[in-house]
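Here is a short report on one protein model.

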Amino acid sequence: MHFDSKARVDDYIRELSIPHTIVTLAIYAAFFFEILTPLPTAPPSYVLAFPEPTSAQTTVPIIDPTADLGKFVKGILLNPGKTLGQNFNVAGKEYTFEKIVTVAKGMGINISFQPVDKEAFKAGMAAKGFPDVVCEGVSQAAQYIHEYGYFGGAGFEESHKVGNSRILILDSTDC
């Protein structure tokens, strides 16, 4: 499983007894656009399909790494006394799938959310060129998020303190 592999890498880094800071990133904002399913309508419309048990009220943390990640890395590098040996969950903000759809609609994208069974989700990702290991990993991650939360129930507030600056969020009305 995706999260199990990440945990093994984190454990290995800790075992090396070298200075380190572990950063766990939220879901990349662009990922949602990569998995949109276009519908044959005029004007164009899309479905954001995600594997069950995901629902419109499922909350996921999101980050735009091109805009936000450097702020966190800078904070880590400038504060080694506070960050070495620590783990930081990094996200801009948490959103429900319902809010993601609302934000996309506000950007002029005709979109709806639809939970689908695991096999339909994997087939949709495979049709977009994602390899089976990624399709399976995202499907399992959806189950993990549903059961435990993306960061295993932990938050990401500490990373905001380290980043020490405002981060980009999906829309300005959430500020």
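## Terms and model

A residue counts as buried when its relative accessible area is under 20%, and as exposed when that area is over 50%. The model is predicted.

## Helix α7

Helix α7 covers residues 132–148 and has 17 residues.

Which residues of α7 are buried? They are C135, E136, G137, V138, S139, A141, A142 and I145. In general, an α-helix has 3.6 residues a turn, so residues three or four places apart point the same way. After α7 comes G149. The phi of G149 is positive, near 90°.

## T58 and its loop

T58 sits in the loop between β4 (45–51) and β5 (59–63). Is T58 buried or exposed? Its relative accessibility is 12%, so T58 counts as buried.

A polar atom of the T58 side chain lies 2.9 Å from the backbone nitrogen of S55. Setting aside residues up to four places away in sequence, T58 touches P53, Y95, T96, F97 and I145. One of these, I145, is also among the buried residues of α7.

## T96 in strand β7

T96 belongs to strand β7, residues 93–96. Which residues does T96 contact beyond its neighbours within four places in sequence? They are A56, Q57, T58 and T59.

P61 is 35 residues from T96 in sequence. In space, the C-alpha atoms of T96 and P61 are 8.7 Å apart.

## The second largest pocket

Rolling a probe the size of a water molecule over the atoms shows where empty space is left. The second largest pocket holds about 390 Å³ of space. Its lining has 20 residues, and those closest to the centre are F3, K6, A7, D10 and T24.

Which elements each supply at least two lining residues? They are α1 (2–15), β1 (22–25) and β6 (87–90). The largest share comes from α1, with 9 residues. By class, the lining of this pocket has 10 nonpolar, 5 polar and 5 charged residues.

Methods: Residues are numbered from 1 along each chain as its sequence is written. This is a predicted model: local features need pLDDT of at least 70, side-chain atom pairs count only at pLDDT 80 or more; totals for chains, interfaces and linings use all residues. Side-chain values use heavy atoms; hydrogens and water are left out. Helices (H or I, at least four residues) and strands (E, at least two) are DSSP runs, numbered from the N terminus. The expected span of a helix is 1.5 Å times one less than its number of residues. Buried means under 20% relative accessible area, exposed over 50%, partly exposed in between (1.4 Å probe, protein chains only). A polar contact is a pair of N or O atoms within 3.5 Å; within protein, one must be able to donate a hydrogen and the other to accept it, and residues adjacent in sequence count only if both atoms are side-chain atoms. Contact means heavy atoms within 4.5 Å. On a 1 Å grid over the protein atoms alone, a cavity is a set of points where a 1.4 Å probe fits but cannot get out, and a pocket is an open set with protein on both sides within 12 Å along at least five of seven lines; lining residues have an atom within 4 Å of a point. Grid points are joined across faces, edges and corners, and a volume is the space filled by probe spheres set on the points. Ala, Val, Leu, Ile, Met, Phe, Trp, Tyr, Cys and Pro count as nonpolar, Asp, Glu, Lys and Arg as charged, and the others, Gly among them, as polar.
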